[in-house]
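Colleague: I am new to this one, so please show me around. Let's start with the picture.

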Amino acid sequence: MSALGARLSRAGGRGGASRRRALVAAGLVGAVAGVSCWLAATRPHVVRCASGLALVYTTRDDAGRRVRVLSAGGVFQSATYLDERRMEPVFAYYLALGRLFELRPDARSVLAIGGGGFAFPKLVAAEHPGVRVDVAEIDPAVIRAARRWFFLDEAVALARAGGGDLRVACEDGRALLERGAGPYDAVVLDAFVGADPVRSLATLEALRAVRRSLVPGGLCLANVVSREGGADVSFLRSVVATALMVFSHVEVALATDETHAAEDNYLVVASDGPIGLPDAIPFDEDFLGEVLLDAQG
């Protein structure tokens, strides 16, 4: 068993003390990959998305704070607070994606593929003035929902007031990469159809396109989610193996919240330059999975 596999095994057991210790050691508390048992929600708005029906409704978190969520395919896609914290992420995997500024404090241009409730771009607009974020979201209904219910237009204004920008393109993120977008200091991959990741953004060909879109030493950051209650990390193993075919350095860290998540989120960071995640989980060659190819899809 690899070092990462052993770490995952020790962290297993939903709600167990060993898992909590692993999360504290990782320094990442939060995230969402499934519907949690929050308090009673308001009547939802139904949004007809390209991939099916999504729900937008307001509920309360465990601390009693009002939270508006976007749910599709039985999982939370995004969420926002409704008070003065509305630019702050509700789920910690967005905070994990924001660690790119710990790793590259001078980053000034970011491409985010996958909009949802635009939690990550809102975080950048609020906490990192002067940064330009381009967001590729394929579904116009999702963009409309973000403008209506998730404070997207306010985030755009906030980014521009801080000397940066937040630009939204309604298009396929893979197609944008293939056209030669960038160069960017970082590319963030966080695109899902319900609970399923967009595989075309994780293949060898896709990651090669990401690399072409990055400045030398730029970062590729991906949110990768487990299956089967955290027991199945086969997609994570394949993402890591595929990234190592393209980038010189790949590191993995936990980004999971056992309070709100039915699955585990992992932050995968890849670069041609050193990365330096202080809580990176070591892995060995035997952890690596099958390399993902377009032809397999």
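Colleague: Through how many residues does a hairpin join S1 to S2?

Modeller: This is a predicted model, where local features need pLDDT of at least 70 and side-chain atom pairs count only at pLDDT 80 or more, while totals for chains, interfaces and linings use all residues. Residues are numbered from 1 along each chain as its sequence is written, and side-chain values use heavy atoms, without hydrogens and water. Strands (E, at least two residues) and helices (H or I, at least four) are DSSP runs, numbered from the N terminus. The hairpin from S1 to S2 passes through two residues.

Colleague: How many bridges join S1 to S2?

Modeller: Strands pair if DSSP finds at least two bridges between them. S1 covers residues 45–49 and S2 covers 52–60, and the two run antiparallel. Val46, for instance, stands opposite Leu55 in S2. The number of bridges is five.

Colleague: Why do the buried residues of H7 lie on the same side, and what arc do they cover?

Modeller: In H7 (residues 152–161), Leu152, Ala155, Val156 and Ala159 are buried (under 20% relative accessible area; exposed is over 50%, partly exposed in between; 1.4 Å probe, protein chains only). An α-helix has 3.6 residues a turn, so residues three or four places apart point the same way. The arc is that of the directions from the helix axis to the C-beta atoms. These residues are on the same side of H7 because they cover an arc of only 105°.

Colleague: At what angle do the axes of H5 and H7 cross?

Modeller: H5 is among the elements covering the buried residues of H7, together with H6 and S7. Axes are lines fitted to C-alpha atoms, for helices over the stretch in contact, with angles from 0 to 180 degrees between N-to-C directions. The axes of H5 and H7 come within 8 Å, and their crossing angle is roughly 35°.

Colleague: Which residues of H7 make the contact with H5?

Modeller: Contact means heavy atoms within 4.5 Å. Lys122, Ala125 and Ala126 take part from H5, and the H7 residues are Ala155, Leu158 and Ala159.

Colleague: Is Phe151 buried or partly exposed?

Modeller: Phe151 is found in the loop between H6 and H7. Its phi is near 65°, a positive value in a residue other than glycine. With 21% relative accessibility, Phe151 counts as partly exposed.

Colleague: Which peptide bond is cis?

Modeller: Look in the loop between H8 (173–178) and S8 (184–189), where Pro183 lies. Omega is near 10° in the cis bond, which runs from Gly182 to Pro183.
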